[in-house]
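Student: I have not seen this structure before. Could you take me through how its helices and strands are arranged?

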Amino acid sequence: MVYPQDVKLTEKEKTSICYLSFPDSYSGCLGDTQFSFRLRQSVGRRASRFREDVYNRDAPVTLQTEASHFFGYVYFRQVKDVSVKRGYFQKSLVLISRLPYTHLFHSLLQIVAPEFFEKLEPCLEAVCNEIDQWPSPIPGLTLNLPVMGVVLQVRIPSKTDKPGGSPVRQTAKEDLLPAPTLLPTIHELDLFKCFQSVLIHLQMLWELVLLGEPLVVMAPSPTVSSETVLALVSSIGPLKFCCDFRPYFTIHDNEFREYTTRTQAPPNVVLGVTNPFFIKTFQNWPHVVRLGEMKMAGDLPKQVKVKKLSKLKTLDTKPGIYTAYKTFLHKDKILIKRLLKGIQRKRPSEVQSAILRRHLLELTQSFIIPLERYMASLMPLQRSVTPWKTPPQIRPFSQDEFMSTLDHTGPQLTSVLKGDWMGLYRKFFRSPNFDGWFRHRHKEMTQKLESLHLEVICDADLLSWTKDKSEVEIVDLILKLREKLV
């Protein structure tokens with residue numbers, strides 16, 4: 001059953017969504033379960049009606065839509081039912097979107113899904129009619145989204161927002177009935193909950209994600225799997241994660257063979273899985289995070305240990321991080337002590353998450369600011385842009401030249417962490433995340449140069465220039481101007 005009914009999904013997409021919308025039998029999910037997945041769309045699909053280019057222009061890079069992937073948000077129910085042949089009622093409601101609004105869409109499903117399981121199609125039709133009236137997501141605006149007698153109030157983040165700033169701004173008082181339910185974020189996860197069993201290894205995980213290393217998360221349920229993968233990918237924000245990632249991945253996935261072949265090196269992808277079968281399949285992968293059910297050691301969450309990959313052999317493999325990776329930077333022991341003390345003092349999870357988020361943001365910014373500063377130095381001076389010549393080129397990025405700037409303008413100016421920052425940069429230069437960041441910044445700078453050139457042309461005195469020029473030169477200039485203005 002697909003709603004709205006005019007939405008066209010290929011048979012391949014429908015099959016993939018069906019497989020991904022049910023936990024595999026090993027998870028043993030009873031009751032209600034929510035999780036997410038990410039799906040590669042079929043080749044040849046036409047662009048959607050949603051004005052993605054306008055939205056992406058103003059949205060933060062980490063929240064932009066992707067032309068080649070869908071996100072799926074699942075609400076799954078499994079309860080005992082003797083009237084059913086299998087003895088269980090099993091059904092999933094799945095919301096498919098190009099937008100990575102994890103918190104908003106799971107909140108929406110919590111309202112819609114229980115009603116859907118009772119009333120089925122009429123409920124979906126009514127909900128789709130309401131959602132069809134929602135305004136487009138415009139970055140920077142606060143929207144009121146009515147659904148099933150509830151109004152969800154959300155603010156769409158903008159790329160002009162200060163990183164780490166307060167995500168909610170109250171709108172002017174409106175007489176809304178019923179009073180809106182305020183969502184503090186549309187996309188952020190409870191980072192502390194996601195990372196509580198790997199807190200002492202956070203530095204390692206951040207580096208693995210930053211470098212785009214192949215990484216598998218083996219979890220006891222699709223919820224833990226998908227939340228952990230999404231938390232890992234978000235840990236390098238505001239830097240965009242430019243590799244593939246699958247919050248929930250199954251053996252039925254179209255990319256299963258591509259990602260599990262042993263004839264070539266593992267791809268740059270982060271996979272979340274729950275099927276123990278994958279332990280054997282991923283033995284040649286360099287980094288595997290095996291998570292179990294949360295256990296406490298006294299009043300603290302039990303921390304998993306780093307183990308040798310050779311120990312990853314049996315189906316009952318114990319929780320741990322199976323890798324031979326050696327971190328470039330040292331652990332932040334002050335952060336770990338602060339978080340562990342927060343657990344003992346029963347500090348709320350959202351406060352612990354805010355501390356974690358702030359730490360990861362500052363760490364990423366300390367790493368990326370020297371790159372941004374060097375990139376800005378490659379831009380031609382404004383006075384070198386003249387109306388009668390092609391704009392000067394952006395200077396090429398030189399890794400050696402960048403490295404030479406680190407003594408005076410490196411991460412040590414903003415980060416207390418010690419270690420081999422230069423080694424980390426060298427490895428980062430070989431990663432898809434550097435390639436994605438560089439392309440994006442180079443495109444922005446090229447557009448800025450074009451814009452400056454047009455401004456200079458608009459301010460120029462064309463008549464004075466033409467007085468001592470030949471007809472060929474004047475025609476050549478007119479043709480160039482027409483080319484620019486098209």
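This is a predicted model: local features need pLDDT of at least 70, side-chain atom pairs count only at pLDDT 80 or more; totals for chains, interfaces and linings use all residues.

Tutor: Residues are numbered from 1 along each chain as its sequence is written, and side-chain values use heavy atoms, with hydrogens and water left out.

Student: How are H10 and H11 oriented to each other?

Tutor: Helices (DSSP runs of H or I, at least four residues) are numbered from the N terminus, as are strands (E, at least two). H10 (residues 333-344) and H11 (residues 349-377) pack at about 170 degrees, with axes 10 Å apart; axes are lines fitted to C-alpha atoms, for helices over the stretch in contact, and angles run from 0 to 180 degrees between N-to-C directions. Angles over 145 degrees count as roughly antiparallel. H10 and H11 are therefore roughly antiparallel.

Student: Which residue in E5 is the bridge partner of Asn144?

Tutor: Strands E4 (residues 142-147) and E5 (residues 150-155) run antiparallel, joined by six bridges; two strands pair if DSSP finds at least two bridges between them. In E5, the partner of Asn144 is Gln153.

Student: Which strands stand at the edges of the open sheet?

Tutor: The open sheet has six strands with mixed pairing, in the order E8-E9-E7-E10-E14-E13. Two of these strands have a single partner strand each, so one side of each is left without a neighbour in the sheet. The edge strands are E8 (244-246) and E13 (306-307).

Terms used: Angles under 35 degrees count as roughly parallel, over 145 as roughly antiparallel, 65 to 115 as roughly perpendicular and the rest as oblique.
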